[in-house]
Amino acid sequence: MKWNEDWLKANRPPASQHPKRYTFWPRGRGRLIFGYFIFITLLDYVVLTLFGGRPILIAGMPLLIWITVIFAALTIAGILGFDAWNKNQAAPPVATTPQTEDNELRNDHELPS
Amino acid sequence: MNFPPEIRQLVLSNYPMIIATLVAYFVIFVLISWAAKRKLTKDVGDYVVASRNLGWVVVTFTMYASVLSGVGMAGIPGAIYTIGTSFVVTALTGIIVSTALLWYFGPRIWVLGKEYGFTTPGDLLGEYYQSDIIRMYTVIASLVYNIAYIVAQLLAGGILLNVLSGNYISLNMGIWIITIVVIIHVALAGLRGIAWLDFFNGALILLLLFSFGVIIMFAAGGPGSVVAGLGGIRDRFITTPGMIGIFTPSRIYGVMIGLSIGAIVLSPSAWIRMYSARSRSHFAKIGVLMLVLWLISHVIGTYLIGTYGRVLFPDAENPDFISSLLAFGVLPVFIATLFLIAVLAAIISTTDTYIHTLTATVVRDCIRTLFWPTMDDAQEFRLNRTITIGAAGICILLALSYPVLITPLAIFAGGITVQLLPPLVGAVTWSRASTEAALVAPAVGILLTLKWDMGILPGILPPPFAPALPGLAVAFFINVFLFVVISYLTKPQPPEQVEKFHGLLAKEL
């Protein structure tokens, strides 16, 4: 049996020499994106805690459902907004599997013919 | 587990129409499988990840249909029936958080997979941490997750075929039929065939769930009338902590970790679909469309089904059957039949996806890596097809031996795969993570989940802070805590390894 634990043989530098470039908390735009999603998640939790126990119906649907739908709408807005922002800021072209770019739109909806 | 007798009676009285609908579904199934087979090459990459060439709509629907399964069509309406609105909020909250995580991790997994030819979770984590033990964690997670789901689906599918055939097909025979159909489909058509079938099944499921909800609203006189019909339990049903008194916001967030994040983002099948997308720029569209599909399914579909089921059948013996019971109670017989076919479609979509994933991870991460490193792609392709039969055989035996409840099993299965999140964060985001941390923390998380959620390990630890948080959530947080602490106490990855992964991602994204 060929069992590899190559990390035991690897030359790993001490933590003091580790590059600080790739951190969990990104810088600049990335930090804003992280902050937005953490904020709306915490907001959802707080609103569920404060108002989730109230038996209120709005247009026939419980308040709990509306809270969650608004959380979903904020998430969709965040993803679409930040994705568009990222694309506008990005200089290099988008990486795509070769030979298929021209057929992308057609194949997006591809089903057996 | 038996179908309610009144449904059996209705099926028998509409037998020819039901059989014709069932046959029509399987004809479409065979046509899709045949069309996908014509496109399949002898390349293992085509079989496992469809040559990384699936469009975003197909990827979205295959993720939606395979995760929805019998859990979404039967289990979640049953849980809403029992627990109340809190449970649909639990499911949706998990899907919302998962959508954001999918948008974040999807492009990173895709870029690494394309650059280094990864096709399984074990490829990525085993390569980054340079450890076959960590690769084996992904195999264990795949085995537990996929087998748990497949067993539940086979059992539910067997019961459904038994009912749809008017008792002509026995439960055991139904399990065998579904398994054989799925084996042939997976072996012949690979991931492309699975994805195309999922597209059809997903569209069918979505249409039926939406129609079901709309017809309920017409039958009851609007969504407010559905809730009003709950009578004395109305206020408890539509608020936290729900009918059983424990679904507080912290429990909602705790359960969703397993129910949704584990299934939608960290399950091996979701991971393989991230590799199979055509472009890394597609993940925003995939996430948003998937969230919209789930919102329609749950807000209009499962919520109204579970709630109206509680109104019409307050004493149902088995909540997992409430959607089927209600279908024949409020829908025209033909639509009710189509709904049961859609449940069967969801079951098949999940079973084919998970058998394919189970096989791919075992062959690539276990057999090829450890026992047969000289295996070429053609041999791996053939072995995938062969192992599919063995894996399906084991699942049949388990399905016949251990009848299980759907939703608790799904939450537990997701609770296992979500333990892979910290090592994934280390491989694509936080370069300070160490191999020691990736070795210890997920193992502790998996063991504590087995102990606290399944009770199958001997008791040396007391139960966690229940009922505020479920055991799997506490196990996950302990995993995260250990991962960070051990990483800071040990040496990070070699610089060349960090550049190979994090450097590439910084350049590409």
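Trainee: How many salt bridges are there between chain A and chain B?
Mentor: The count between chain A and chain B is one salt bridge. Please keep in mind that this is a predicted model.

Trainee: Which side chains meet in that salt bridge?
Mentor: The side chains are those of E436(B) and R12(A), with a distance of 2.6 Å from N to O. R12(A) sits in the segment before α1 of chain A, whereas E436(B) belongs to helix α19 (residues 435-454) of chain B.

Trainee: Is R12(A) buried or exposed?
Mentor: R12(A) is buried, its relative accessible area being 13%. E436(B) is buried as well, with a relative accessible area of 19%; the cut-off for this class is under 20%.

Trainee: What about polar contacts across the interface of chain A and chain B: how many residue pairs are there?
Mentor: The rule finds 14 residue pairs in polar contact across that interface, both residues being at pLDDT 80 or more.

Trainee: Which elements of chain A supply at least two residues each to the side that touches chain B?
Mentor: They are α1 (29-51), β2 (61-62), α2 (63-89) and α3 (104-108) of chain A. The largest share of that side comes from α2(A), with 14 residues. By class, the side of chain A that touches chain B has 36 nonpolar, 17 polar and twelve charged residues.

Trainee: And the area buried between chain A and chain B, what is it?
Mentor: It is about 6100 Å², and carbon and sulfur atoms give 69% of this area. W7(A), R12(A) and Y22(A) supply 12% of the area that chain A buries against chain B, more than any other three residues.

Trainee: How many residues of each chain are in contact?
Mentor: On the chain A side 65 residues are in contact with 78 residues of chain B.

Trainee: Which residues are linked with them in a network of salt bridges?
Mentor: The network links D123(B), D132(B), R135(B), R364(B), D365(B), R368(B), D377(B) and E380(B).

Trainee: Which residue forms a salt bridge with K500(B)?
Mentor: That residue is E127(B), and the closest N and O atoms are 2.5 Å apart. K500(B) lies in helix α21 (residues 495-508) of chain B and E127(B) in helix α6 of chain B, so the pair ties together parts that are 373 residues apart in sequence. K500(B) is partly exposed, with a relative accessible area of 27%, and E127(B) is partly exposed at 29%.

Trainee: One more: why is helix α14 of chain B largely enclosed by the rest of the structure?
Mentor: Eight of the nine residues of this helix (residues 322-330) are buried, so the rest of the structure largely encloses the helix. Among the buried residues are I322(B), L325(B), F328(B) and V330(B).

Trainee: What covers them?
Mentor: The cover of the buried residues of α14(B) includes α1 (5-13), α4 (56-83), α8 (171-220), α13 (283-312) and α15 (333-371) of chain B.

Definitions and conventions
Residues are numbered from 1 along each chain as its sequence is written. Chains are lettered from A and ligands numbered from 1 in the order in which they are written. This is a predicted model: local features need pLDDT of at least 70, side-chain atom pairs count only at pLDDT 80 or more; totals for chains, interfaces and linings use all residues. Side-chain values use heavy atoms; hydrogens and water are left out. Buried means under 20% relative accessible area, exposed over 50%, partly exposed in between (1.4 Å probe, protein chains only). Helices (H or I, at least four residues) and strands (E, at least two) are DSSP runs, numbered from the N terminus. Contact means heavy atoms within 4.5 Å. Buried area is the accessible area (1.4 Å probe) that two parts lose on being put together, summed over both. A salt bridge is a side-chain nitrogen of Lys or Arg within 4 Å of a carboxyl oxygen of Asp or Glu. A polar contact is a pair of N or O atoms within 3.5 Å; within protein, one must be able to donate a hydrogen and the other to accept it, and residues adjacent in sequence count only if both atoms are side-chain atoms. Ala, Val, Leu, Ile, Met, Phe, Trp, Tyr, Cys and Pro count as nonpolar, Asp, Glu, Lys and Arg as charged, and the others, Gly among them, as polar.
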